[in-house]
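Biologist: I've got the two-chain model open on my screen. Can you walk me through it?

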Amino acid sequence: MQTETQSTDHAKTVDTICSFCGTGCGLRVTIEDNRITTVKGDKNNPVSHGETCIKGAMGWGYVNSDKRITTPLIRKNGELVEASWDEALDLIADRFGSIKEKYGPDAFGCFSSSRSTNELNYLAAKFMRTIIGTNNIDSCNRT
Amino acid sequence: MAVFGTGAATTSYEELEHTDLIIAWGSNTQECHPIIFNHMRRGIKNGAKMIVIDPRKIDQTKLAEKWLPVRVGTDIALANAMGHVIIKENLYHKEFVEQATEHFEAYKQAVEKYSPEEAEKITGIKAEDIREVARMYAKADRAIINWTLGITEHHNGTENVFALINLALLTGHIGKYGSGLNPLRGQNNVQGGGDMGALPNRLTGGWDFDDPEGTKLFEKVWGVPVPPKEGKHQSAMLDAMDKKEIRALYVIGENPVQSDANGNHVKSLFEGLDFLVVQDIIMTKTARMADVVLPGAASWIETDGTFTNGERRVQRVRQGLKPPGEARPDHVIVQDMANRMGANWNYSSAEDIWNEIRLVAPNFAGITYEKMDKFGGIQWPCRDADDSDRGVKYLHERLWSDTNEKKAPFHPVEYQAPIELPDEDYPFQLTTGRRLQFYNTGVQTQDYKKIKNAEEYLEICEADAKKLGLADGDIVKVSSRRGEVTVKTKISKKMSPGLVFMTFHFPELAETNVLTINAIDPKAGTAEFKSCAVRIEKVEQAAS
């Protein structure tokens, strides 16, 4: 069924799911040199049988856009500046740690993402409940 | 849906092609869910009738047997009046009501005063049309009610949903193929976010946060107890930020400074935080306020994992691209954070994480990556990993069984007017929504090429435009008690007098949500995006 991905040295097709609304249409994406070249409906998908709307078929330009954030950023003297993952993660661990110590776990909140995967949402919930220790987490299912 | 103990559509999309009556209630399906609308279109071709209930004369009214132009925010009065007619005319499903439901008498009493004539005064819909649609729904062999944010984005959105569920219980249009309740999901993984326990009162798999059996299971798998205190939903978290109770916030792939009602207020709350971490793919307004920005991935093509769609189908997304630069898949980032804070998480793949989810969520236990690859997505509940368990097309079949012990309760609800009605100073009612080509705050859709109408405009009916001396393209200032924006005018046949419409796709051009009101549904925490009072003043003639 939809597992098939064919690849050559620099081109491949990948079957995945559209991220624009809750319908869950199947997309067949062609990729060359780590860039999307076409997006078409996946005929094998049981939801959409090859159909897509204009958003699904054409709305992927942002993925290849130069507006993407490509490094962690941390605020220094009021400005966001580029940082390494180690610096960013250390800063988070340090500040989260001291806020938790001073104000307790319920001084934290998380807005998780209805755009991201189940796996991300599960881990975000586990992070807030086990590492921070609060149930203050919500996904954007209300907006 | 609290009535049934699960928050999900009871039906599958394919059932829209095998039903007799399709009600689209507060759902501009054709523009917002075009592929679901294709299922509806095929259903109509197969003989189903469609009823559209919407304040605007949206395009799909052309395919409808009936269009009921309900006034914004008066849906409960309409639904209760339909219930009133169905009971008065003895059209309700007596055996089903008796066997499968409870609190019918309370419901009957509550809808008694909603005669179609009374409801006409509130909703603006003719009493005879209310009667006709009530009869059509009650007499149909199979019927599906579909809704979206037109129902839920109100201060009393939860009660709106109860009003619709009550109708399904009254007629038995639930728990059988071709009949049911279908909330259409606006974002790709709204269903999954909730299912996975990214909720203040639910754990992964739909367990209540304090369910004794559930918390025991989680403690076993996680090795630490679940926090005992119920959490706060988004709107309550914003209140807690206002009171300095919440001081640190972790925002993943969201843009609340722009997307929440009353945007100016939200911005000031974010400024007041001690520490803000934002994980996103593009520098949104929210990200620009952060202390740390973490570069995430486009979930559908730069990560492996799963999404769950509006018919409960868990489907695989597959990584085809490396995220740009130093960016990482979102679940990897959370693991990195946890481990930096002293945890020892060792998930080597998205599938590893999924297999842990299967341990704590019995409804997902039977859904494996292998099965999804083989069968193209599985609809929960699916409890058995064996290939023979392919999940469930529609929910609540048990309600039709003699041995069913869990009855579904009616929740009688009363009509309440929208919080802010038009008055002398702000004489128009503004309602908001999406347009076909665009999406939410435009983070993903501003970069379209070759698309027309890539700008915000205020839609207004001809009569109102005339009164204000407006022509197509004139620039107007739209103001509410909370803020103002400047946009172009578009005269539209979809609108009726007193009602104007904007989207929220183009915040850089017009920040619609500085106008909207942050009156909140106390049960669901949804803001009343769908209704606020505004004033319209001409600023500039259209360029000719």
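Biologist: How many residues does the contact take from chain A and from chain B?
Modeller: Keep in mind that this is a predicted model. The contact takes 93 residues from chain A and 113 residues from chain B.

Biologist: Okay, and which elements give two or more residues to the side of chain A that touches chain B?
Modeller: Strands S1 (11-17), S2 (26-32), S4 (73-76), S6 (108-112) and S7 (137-139) of chain A do, together with helices H1 (54-58), H2 (85-103) and H3 of chain A. The largest share comes from H3(A), with 13 residues.

Biologist: What kinds of residues are on that side of chain A?
Modeller: On the side of chain A that touches chain B there are 44 nonpolar, 33 polar and 16 charged residues.

Biologist: Back to H3(A). At what angle does it pack against H17(B)?
Modeller: About 15 degrees, with the axes of the two helices 8 Å apart. Angles under 35 degrees count as roughly parallel, so H3(A) and H17(B) are roughly parallel to each other.

Biologist: Is the crossing of H3(A) and H17(B) left-handed or right-handed?
Modeller: The crossing of these two helices is left-handed.

Biologist: Which residues meet there, H3(A) against H17(B)?
Modeller: From H3(A) you have Glu119(A), Leu120(A), Leu123(A), Ala124(A), Phe127(A) and Ile131(A). They meet Asp330(B), His331(B), Val334(B), Gln335(B), Met337(B) and Ala338(B) in H17(B). The residues of this contact of H3(A) with H17(B) divide into eight nonpolar, two polar and two charged.

Biologist: Strands next. How many bridges join S6(A) to S7(B)?
Modeller: Four bridges, and the two strands run parallel. S7(B) is residues 248-252, and Ala248(B) in that strand is the bridge partner of Phe108(A).

Biologist: What about chain A by itself, how many helices and strands are there?
Modeller: Chain A has three helices and seven strands. Along the sequence, the pattern in chain A reads β-β-β-α-β-β-α-β-α-β.

Biologist: And what's the radius of gyration of chain A?
Modeller: Chain A has 20 Å, whereas a compact globule of 143 residues would have a radius of gyration near 15 Å. Taken along the principal axes, the C-alpha atoms of chain A fill a box of roughly 55 × 30 × 25 Å.

Biologist: Over to chain B. What's the strand order in the five-stranded open sheet?
Modeller: The order is S3-S2-S1-S5-S6 in chain B, and the pairing is parallel. S3 (66-68) and S6 (180-183) of chain B are at the edges with a single partner strand each, so one side of each is left without a neighbour in the sheet. On average, neighbouring strands of this sheet are turned by 15 degrees against each other, direction ignored.

Biologist: How many bridges are there between S1(B) and S5(B)?
Modeller: Five, in the parallel sense, between S1 (residues 21-25) and S5 (residues 143-147) of chain B. Ile23(B) stands opposite Ile145(B) in S5(B).

Biologist: Which helix packs on the sheet, touching S1, S2, S3 and S5 of chain B?
Modeller: That's H7 (residues 127-139) of chain B, and its direction makes about 125 degrees with that of S3(B).

Biologist: There's a three-stranded open sheet in chain B too. Which way do its strands pair?
Modeller: The pairing is antiparallel, in the order S10-S11-S12 of chain B. Four bridges join S10(B) to S11 (residues 313-317) of chain B, and Val317(B) in S11(B) is the bridge partner of Gly305(B).

Methods
Residues are numbered from 1 along each chain as its sequence is written. Chains are lettered from A and ligands numbered from 1 in the order in which they are written. This is a predicted model: local features need pLDDT of at least 70, side-chain atom pairs count only at pLDDT 80 or more; totals for chains, interfaces and linings use all residues. Axes are lines fitted to C-alpha atoms, for helices over the stretch in contact, and angles run from 0 to 180 degrees between N-to-C directions. Angles under 35 degrees count as roughly parallel, over 145 as roughly antiparallel, 65 to 115 as roughly perpendicular and the rest as oblique. A crossing is left-handed if the near helix is turned anticlockwise from the far one by less than a right angle, and right-handed if clockwise. Two residues are in contact if their C-beta atoms, placed from the backbone, lie within 7 Å. Ala, Val, Leu, Ile, Met, Phe, Trp, Tyr, Cys and Pro count as nonpolar, Asp, Glu, Lys and Arg as charged, and the others, Gly among them, as polar. The radius of gyration is taken over C-alpha atoms; the globule rule is 2.2 Å times the number of residues to the power 0.38. Two strands pair if DSSP finds at least two bridges between them.
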